[in-house]
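My notes follow in the order I took them.

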Amino acid sequence: MTSAALRQKAAQMASAAAQCFSYSSSPATWAMRQRGGGGAGAGAGVLRLSSRRTFSVSAAAGFDNQNREYVIVGGGNAAGYAARTFVEHGMADGRLCIVSKEPVPPYERPALTKGYLFPPDKKPARLPGFHTCVGSGGQRQTAEWYKENGIEVLYEDPVVAFDGKTQTLKTSSGKILKYGSLIISTGCEASRLPEKIGGTLPGVHYIRDVADADSLVSSLGSAKKVVVIGGGYIGMEVAAAACGWNLDTTIIFPEDHIMPRLFTPSLAKKYEELYQQNGVKFIKGALIDKLEAGSDGRVSSAVLKDGSVVEADTVIVGIGAKPVVSPFEAVGVSAEVGGIEVDSLFRTSVPGIFAIGDVAAFPLKMYDRVARVEHVDHARKSAHHCVETLLTSQTKAYDYLPYFYSRVFEYEGSARKIWWQFYGDNVGEAVEVGSFDPKIATFWIDSDSRLKGVFLESGTSEEFSLLPQLAKSQPVVDKSKLQAATSVENALEIARSSLQSSASV
């Protein structure tokens, strides 16, 4: 018998010997009782759930998923790339089940704040054009692809309850699912403004999925005045898209400049000027007091803490995101960064349970700290590394190099397209080179003269490919030479020479 057959047989035996659940009239418990046992005494456990619902299933009952050896909870980027790795190993057909809250297969989520928001006459992105794994040059994994590869996908049915002891899940529709190995890929959800200050008014938008983006596109089609709350990734990308619709657009944020977690004040100023040239207005250092509705019940203005009022018929809120750990809190949540705690192989504290993508709090090896990275690059790479660990004898620690990028103003007719990349860590002294016409670069150098991070706007493919080499190697560089560089190209050549010098030492 093959190892795969043995695993399948073991899963069947485990299912047959599973514990019996009994319905509890108590609205806050899912009571687990051993067969033949009674009450909630010795040998019984209680898992606290929502006060609204409980469920029970007999060990003799069937389960609602056909593929039970591997189950992925979540249908985002990471799930799509994990599925591809299962297929590459020949371990998906009849074995893998994906449980998703979305109505469509996994897709490349970054498109939602970029090409998806282009106006109809500027060739907007639409599904099935950006299903995973096209973002990394891979195959477009449509619903047919999953069927052809024997992968069971449960759509629009998120997991709402979990029991690690009996290896079972419950979905919102009441399905009871069995798993052998579980991969948590639940991602993040948008941080929202409270309902009491207008956070749920018609015309107020948040973006995490295609339905959100469709709703926003519908609003943009009839909008006149747009307010974007937040000066980070979401805010800047949505504001750039709004320019393509020729809309009166204002960005409001509490910090002194845009992208404060990455951009230096000088770098931010260059981008702010570009946005202003496209008609975007900035209100900095401002906090939202409330969003007000007009006579039709739709949002009509944003009221700031200082009492000033900004008119708006469409509001986009981009104030961050939070990891979706429910209902898996018992697996272990990081107190430091949030998310599900995992080791360098994406294993949680519970054997057979893994977490990947945005929700995973993992050891960032090269910087010796725990991190949670909300980025498509990490989603792809963590998914691959995790599945390799699960299916092979791999024991190599995940060694991730932080990477961020943005591409905006790429719609037809734009006077200038923006594309920047950043690798590494933005710590130390920043050295800026270039005039932003069109290139600009920033190098972060620590007290030991080591290059820690590097940012580049409008680079060539060769120049962009140099950035991860620099950030990974962290060569010793001559700061004075960088400061005296006459161009971005000259600065990159200085950095490249430092890389070569370090390699020869």
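**Salt bridges**

I began with Arg-95 and Glu-69, whose side chains meet in a salt bridge at 3.3 Å, N to O (a side-chain nitrogen of Lys or Arg within 4 Å of a carboxyl oxygen of Asp or Glu). This pair links distant parts of the chain, 26 residues apart: Arg-95 lies in the loop between α2 (77-88) and β5 (96-99), and Glu-69 in the loop between β3 (45-48) and β4 (70-73). I checked burial too, and both Arg-95 and Glu-69 are buried (under 20% relative accessible area, with exposed over 50% and partly exposed in between, for a 1.4 Å probe and protein chains only).

A note on what I am reading: this is a predicted model, where local features need pLDDT of at least 70 and side-chain atom pairs count only at pLDDT 80 or more, while totals for chains, interfaces and linings use all residues. Residues are numbered from 1 along each chain as its sequence is written, and side-chain values use heavy atoms, leaving out hydrogens and water.

How many salt bridges are there by this rule? I get a count of 25.

Next I looked at Arg-109 and Glu-102, which form a salt bridge at 3.1 Å, N to O. Glu-102 counts as buried because its relative accessibility is 5%.

Then I turned to Lys-305 and Asp-289, a salt bridge with its closest N and O atoms 3.5 Å apart. Lys-305 sits in the loop between β17 (299-304) and β18 (309-311), and Asp-289 in strand β16 (residues 288-293), 16 residues away. Lys-305 is exposed at 55% relative accessible area, whereas Asp-289 is partly exposed at 30%. I also noted that Lys-439, Glu-463 and Glu-489 are joined into one network by salt bridges that share partners.

**Helix α5**

Helices here are DSSP runs (H or I, at least four residues), as are strands (E, at least two), numbered from the N terminus. Among the buried ones I listed Met-236, Glu-237 and Cys-243. After α5 comes Asn-246, with a positive phi near 60 degrees.

**Nonpolar cores**

The largest nonpolar core has 82 residues, and Phe-86, Phe-328 and Phe-443 are among those with the most contacts inside it (a core is a set of buried Ala, Val, Leu, Ile, Met, Phe, Trp, Tyr and Cys residues joined through side-chain atoms within 4.5 Å). A second, separate core of 48 residues includes Cys-243 and Phe-118.
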